[in-house]
Amino acid sequence: MAKHPRDRFDEVPGDLHRVGAHRAVARRGRGWVVFAWCALAVGVLVGAGVVYLGVANDSFQFVSPTSDETAEAGSGTPADDATDGTASPATPAETVAPADPASVDPDVTTITVLNGTTTSGLASRASLALAETGWTVAGQGNADGTVPSTIVYYADAADEAVARGVARDLGATRVELSDAFPDSSVTAVLGADYAP
C-alpha cells in the first residue's frame, strides 16, 4: 500500500473507525452496480426509441378487419339485400381478371405482406415468393394477432385486379375491399392456411 503524508484526517481518534476518502478501500462489486445502471439506462433509451418510432412512423396498421365490417355492408344474400323484402334472383357477380405484375407501377400501387400466424419469417418468405413472380413488395411485418385464412385486402376498387393477381400468386382465394390498411394499396395478411 502506498505511503501518504500525514494530514488532518490522521488526527481523528482511532475508535471512530473512519478513513479518509482518498484512502478508503473500494467496495466489492461496485463495478457491477455501475454496469447494471448503464445497462438499465441503455434498455430504457432503446425502448423509448422503439416506442417513439412506432408512434412517429405510423405507416402500418397491424389490425386485420373483422367479419363485422363486411356484415355492415350487407349480408350478401339477395333476400337480405332486397329493398322490398322479396328475394331477388341471384345474379352472377362480375369478377375482375387478375393483374399481371409487369403492368403494375410499384410507385403508384404499393403491396404489403403481413404475417398473421405464429410462424416466424413467413412474411419475408411470401415477399420473396411474390418478388420471384414479378411483384414489388413495399413492406412487410406482423399482423395484430393470428388469422385462420389468407386474405388479400385492397384499399381502392381500382386495385382489385392487383389484389387478385397477388392472391393468385400466393395461392389465396379471398380478396376483399377494406379501408383497414390505408397506407398500402394492397395488403396480404397471411393466415394459417398459407403454405410457402
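Which residue of β5 is the bridge partner of Y154? V186 is that partner in β5.

1. **Basis.** This is a predicted model: local features need pLDDT of at least 70, side-chain atom pairs count only at pLDDT 80 or more, and totals for chains, interfaces and linings use all residues. Numbering starts from 1 along each chain as its sequence is written, and side-chain values use heavy atoms, with hydrogens and water left out.

2. **Layout.** The protein chain has five helices and five strands. Their order from the N terminus is α-α-α-β-α-β-β-α-β-β. Helices (H or I, at least four residues) and strands (E, at least two) are DSSP runs, numbered from the N terminus.

3. **Overall numbers.** Of the 196 residues in the protein chain, 28% are buried. Buried means under 20% relative accessible area, exposed over 50%, and partly exposed in between (1.4 Å probe, protein chains only). The protein chain exposes about 13500 Å², and carbon and sulfur atoms supply 57% of that area. Accessible areas come from the Shrake-Rupley method with a 1.4 Å probe; for residues, only the protein chains shown count as cover. Among contacts in the protein chain with a separation of 6 or more, 75% join residues 24 or more positions apart. Contact means heavy atoms within 4.5 Å.

4. **Strand pairing.** Strands pair if DSSP finds at least two bridges between them. β1 and β5 are parallel, with five bridges. Here I111 stands opposite V186 in β5. β3 and β5 are antiparallel, with four bridges. β3 also pairs with β4, in parallel, through four bridges. On that side, Y154 has L177 of β4 as its bridge partner.

5. **Strand β5.** Five of the five residues of β5 are buried, and the strand is mostly covered. V186, A188 and L190 point one way, T187 and V189 the other.

6. **Crossover.** β3, α5 and β4 form a right-handed β-α-β unit. Right-handed means that, with the strands pointing away from the viewer, the path from the first strand over the helix to the second runs clockwise.

7. **Helix α5.** Why is α5 described as largely enclosed by the rest of the structure? Because eight of the 11 residues of this helix (residues 160-170) are buried. They are E160, A161, V162, A163, G165, V166, A167 and L170. These residues pack against β1 (111-115), α4 (122-132), β3 (151-154), β4 (174-177) and β5 (186-190). G171 follows α5 and has a positive phi, near 80°.

8. **Nonpolar cores.** The largest nonpolar core has 23 residues. A nonpolar core is a set of buried Ala, Val, Leu, Ile, Met, Phe, Trp, Tyr and Cys residues joined through side-chain atoms within 4.5 Å. W135, V152, V162, V166, L170, V186 and L190 have the most contacts inside this core. β1, α4, β3, α5 and β5 each supply at least two of its residues. The largest share, six residues, comes from α5. Another core lies apart from this one; it has eight residues, among them L114, A143, V147 and A180. In soluble globular proteins, nonpolar side chains tend to be buried together.

9. **L190 and A126.** Beyond its neighbours within four places in sequence, L190 is in contact with residues including V113, L122, A126, V147 and L170. A126 is in helix α4. A126 is buried, with a relative accessible area of 0%. Not counting residues up to four places away in sequence, A126 touches V113, L170, L190 and Y194.

10. **Aromatic pairs.** The structure holds two. Rings of Phe, Tyr and Trp (its six-membered ring) pair if their centres lie within 6.5 Å; planes under 30 degrees apart count as stacked, over 60 as edge-to-face and the rest as tilted. W32 and F35 have ring centres 5.9 Å apart and planes at 85°, so this pair is edge-to-face. Both lie in helix α1 (residues 30-56), three residues apart, and are separated by about one helical turn. W32 is exposed at 64% relative accessibility, and F35 is exposed at 51%. Y153 and F181 make a tilted pair, 5.5 Å centre to centre with 40° between the planes. Y153 is in strand β3 and F181 in the loop between β4 and β5, so the pair ties together parts 28 residues apart in sequence. Y153 is buried at 4% relative accessibility, and F181 is buried at 6%.
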